Amino acid sequence: MDTLTRRRFLKLTSGTVAVGATANLLSFDQIAQAAINRPLPAGTPILVIITLYGGNDGLNTVIPFKDPIYFSSRPEISYKAETMLALDADLALNPSMGGIKSLWDQKKVAIIRGVGYPKPDRSHFSSMAKWQTGSPERNISSGWLGRWLDSQPEDPMLAISLGSVLPPLLAGTKLSGSALPLGGLVIPKGILADQCTQLSKSSRSDSKLMAAAATSMRNLFNLSTSVQPVLASPAPVAPDLPTINGGNAGGDSNLSQQLDVVAKLIAAGSPTKIWSVSLGGFDTHANEANAQAALLGVVSASIFRFLNQMKSTTRLNDVTVMVYSEFGRRVRGNASQGTDHGTSGPMFLIGEKVKGGFYGDQPSLAKLVDGDLAVTTDFRDVYATVLESILKSPAEKTLGKWAGRTSFLT
Amino acid sequence: MNIQRLEISRLFHRFAFGPRPGEYAQALSDGLSLTRTRFLTIPTVDTGAASVKEPEITNLGKRPAPNSAEIVPFNVALRYQREQLVLWWLDRMALGDHGLSERMTWFWHGHWATSIQKIDYPLPMLDQNRVLRTNALGSFNTMTKAMLNNGALQFWLDGQDNTAKAPNENLGRELMELFVLGVNRYSEDDVKAIARALTGYQVDRNSGAVSINQKRRDTNPVTLLGTSAVFTGDSLSDFLVARDDCATFIAERLWYRFISSNETMPVDFAAKAGFTDRTIAGAVNAVASDAVMSNEKFAMVKAPVEWFISACRALELTPSQLKTPGQLVNNLDKLGQVPFAPPNVGGWPAGEAWLSSASAQYRITFAKWLVKQSSLSALTNIPAGSRVIKSADWLGVAEWSPRTKSALRASINDPAQFAVLALCSPEYIVNA
């Protein structure tokens, strides 16, 4: 590799990679080689999915701040109107979401209102399964993007989730995305590596799960040659998040670190079209206002910073960020200054290619369905658009026949 | 595949925590029927488990103010006790002579999944663990009643915030969905009703003591699943556990954790009939004797703790003696499973979720770390000539694939590498 290219590479990845006496330059060269040998072709759209685990309270995210019912329904957890970030005459963002507000002002944020699916399920696990499988009416075990992976040539770098456990979202019936831990991978070397490669071969006597175990090890060695050193040193520790309230419904706690690593890998040219990151803690049954504001602040600031990092690369125009949660929460607050599980909520799509503005109708507080917000947009409308416009694939293969679309891209 | 080897391997790895050296070969020579009876018969005394000393977990009291003189010793004690709690349980799993009670305690921990991340104090978690162990194979109704009076569970699901004035649905919903009935076997109105029936509980955070504050209790009758009554915790448990859906649900959970997490449960799965009287032993015995036990289709991925403990037993290691406990917890954490800290109220995932490329790497590192600390005498006692074949008996593996045999054969003269490869092989990670 010529030094200029390598220097450029080092520059792009500095911050996560310790370069110097302790860094393994040989394998660093290998990763640079791989990312430079087959980088994602310029202009290829990239999807970054942010899953908010626990059920984000949509009404305290995109707030109907002129509606007296909002204030009377949840006097203890509503925000003061003057602190909210007005988006138009009726709706405002949570006071902590300054970063997203400034992107909104630049017309880069699509807010899709009232998103959900028919017959809302208020269980975290069932509802998240419906969102992640993309199949609210029938229980299936593959994720919607996993099925998309099934339709692509096998490549462990195509879809990557940060964290060591793979979300169902990226599990297909034949192929799956890869999981990458934040701390980085240390790949065995020498004879042990050769024998592990032997162990990871498929065998005719393998059951489905044994074959999956062998594949996971095989992918480890494939991945390791290309991205391992970028992840070699741990990212800085994120500020403490409120895990006491709303901390029992899953998700990781270090969104900004995850997005930092994603930014570095995108900049390095990793041939990856889908990135999946997550933040947990949104199950705010108690003492919601502070906890949720802190979490939304992290979401907003991390996305803002991530897109700023993209500005120094050639990929800014290619990246679209999608944010969702398994459900919104009840309109009425409970006795513990929190809210219980509800139904629909807003989705965010953010990026240069996004046509900023509102999509879908705002669910009315006066016309509740069983005491909860109505669903005004089916999430499959959004998924179908993502599949066609970002992943450039027919939606039907993944979602079956589905007519709805949400035209949030330019 | 040899069906007797398969079924006995499943008994060891699913109904216990794997064989110690020699146990699998002995069981094969004793035969399936005798082995199964032995697995299902709980001895009055388990010498191995009894050799593990209970940790000294005390009431640490209220957290001192930040920057106060008392905060440092408080934090040191809190950290130490939390670590002792984890090591104590891992030791019980690794040193027990009879695995089923401990295995069922582990199953119930994943069922009533409560995390110390929120509870913070180890004492309420230890109390909960005792409740789960005492009732692990007993009456499910007794267990449910005891869990409703368990401070860790109540605090975990905001039970202490659930009042007549404005109910908090967290505990009530999960009680029906995740603990007793299963999802969608109730309506949203039932969720509202059960939340009211569960009002008034108060929890002392430090000790985990539970009391009822009558002033915060909603004593009006509620209509729950078609029945109107004023429920107490006990009568609510009687009512829910008696429902047919409860038997279906517990059978489903046993299916998911003992037989298959990716295949659907057949309607005639014997666990449900075995649970007619709501004794857990009845259901578990039925699972162990069901025809599905010999069906090759139903492989199970070992969860990280199960993989680790079975490795400790094969390598004759004691978890608390490993150097160092901090590294041990770190290794388990990287694989995504530390006892007392499930990721959410639904418990840990199962199946392919444990098979990411990141886990593959962490498992190799973990296995190397463990093997380094073992004498490996069980392995080196096998003559090199038969080491590949006989190592399957050492680990309780039904059958090595040609692929794995070839990798092991290449390491015959390097026992440490041989052991690492065997422990990281698809046949060991996945119980056939």
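This is a predicted model: local features need pLDDT of at least 70, side-chain atom pairs count only at pLDDT 80 or more; totals for chains, interfaces and linings use all residues.
**Notes on the two-chain model**

1. Let me start with a single residue. A:M97 sits in the loop that runs between β4 (91–93) and α4 (98–105) of chain A. A:M97 has 25 other C-beta atoms within 10 Å, and since 20 or more is the mark for burial, A:M97 counts as buried. If you skip the neighbours within four places in sequence, its contacts are A:L85, A:L296 and A:S300. With A:L85, which is 12 residues away along the chain, the C-alpha to C-alpha separation is 7.8 Å.

2. Stepping back to chain A as a whole, there are 12 helices and 12 strands. Of its 410 residues, 59% are buried. Looking at contacts in chain A with a separation of 6 or more, 75% are between residues 24 or more positions apart.

3. On the α9(A) side, the contact uses A:L255, A:S256, A:L259 and A:A263, while α10(A) brings A:V298, A:V299, A:S302, A:R305, A:F306, A:Q309 and A:M310. Sorted by class, the contact of α9(A) with α10(A) has 7 nonpolar, 3 polar and 1 charged residues.

4. A backbone item in chain A: A:Q337 is not a glycine, yet its phi is positive, at about 55°. You'll find A:Q337 in the loop between β9 (319–325) and β10 (345–351) of chain A. A:Q337 is buried, because 21 other C-beta atoms lie within 10 Å.

5. Now the interface. 55 residues of chain A are in contact with 58 residues of chain B. On the chain A side, α5 (124–133), β7 (178–180), α7 (190–199) and α8 (208–227) each supply at least two residues. By class, the side of chain A that touches chain B has 28 nonpolar, 22 polar and 5 charged residues.

6. Chain B also has two assigned domains, with domain 1 covering 3–42 + 300–431 and domain 2 covering 116–259 + 264–296. Their C-alpha centres lie 32 Å apart. Where they meet, 16 residues of domain 1 of chain B are in contact with 16 residues of domain 2 of chain B. The elements giving two or more residues to the domain 1 side are α1 (3–14) and α3 (32–40) of chain B. The largest share of that side, 6 residues, comes from α1(B). Its class breakdown is 11 nonpolar, 1 polar and 4 charged residues.

7. Helices α5 (residues 71–95) and α8 (residues 122–134) of chain B pack at an angle of about 20°, their axes 9 Å apart. That angle makes α5(B) roughly parallel to α8(B). Here the crossing is left-handed. From α5(B), B:Q81, B:R82, B:L85 and B:W89 meet B:P122, B:M125, B:L126 and B:N129 of α8(B). The residues of this contact divide into 5 nonpolar, 2 polar and 1 charged.

8. Two backbone details in chain B to finish. B:K323 and B:T324 are joined by a cis peptide bond, with omega about -5°. B:T324 is in the loop between α17 (304–315) and α18 (325–335) of chain B. B:L225, not a glycine, has a positive phi of about 50°, and it belongs to the loop between β3 (222–224) and β4 (227–229) of chain B. With 17 other C-beta atoms within 10 Å, B:L225 is partly exposed.

Conventions. Residues are numbered from 1 along each chain as its sequence is written. Chains are lettered from A and ligands numbered from 1 in the order in which they are written. Axes are lines fitted to C-alpha atoms, for helices over the stretch in contact, and angles run from 0 to 180 degrees between N-to-C directions. Helices (H or I, at least four residues) and strands (E, at least two) are DSSP runs, numbered from the N terminus. Angles under 35 degrees count as roughly parallel, over 145 as roughly antiparallel, 65 to 115 as roughly perpendicular and the rest as oblique. A crossing is left-handed if the near helix is turned anticlockwise from the far one by less than a right angle, and right-handed if clockwise. Two residues are in contact if their C-beta atoms, placed from the backbone, lie within 7 Å. Ala, Val, Leu, Ile, Met, Phe, Trp, Tyr, Cys and Pro count as nonpolar, Asp, Glu, Lys and Arg as charged, and the others, Gly among them, as polar. Domain bounds come from an automatic or database domain assignment. A residue is buried if 20 or more other C-beta atoms lie within 10 Å of its own, exposed if 12 or fewer, and partly exposed in between; C-beta atoms are placed from the backbone.
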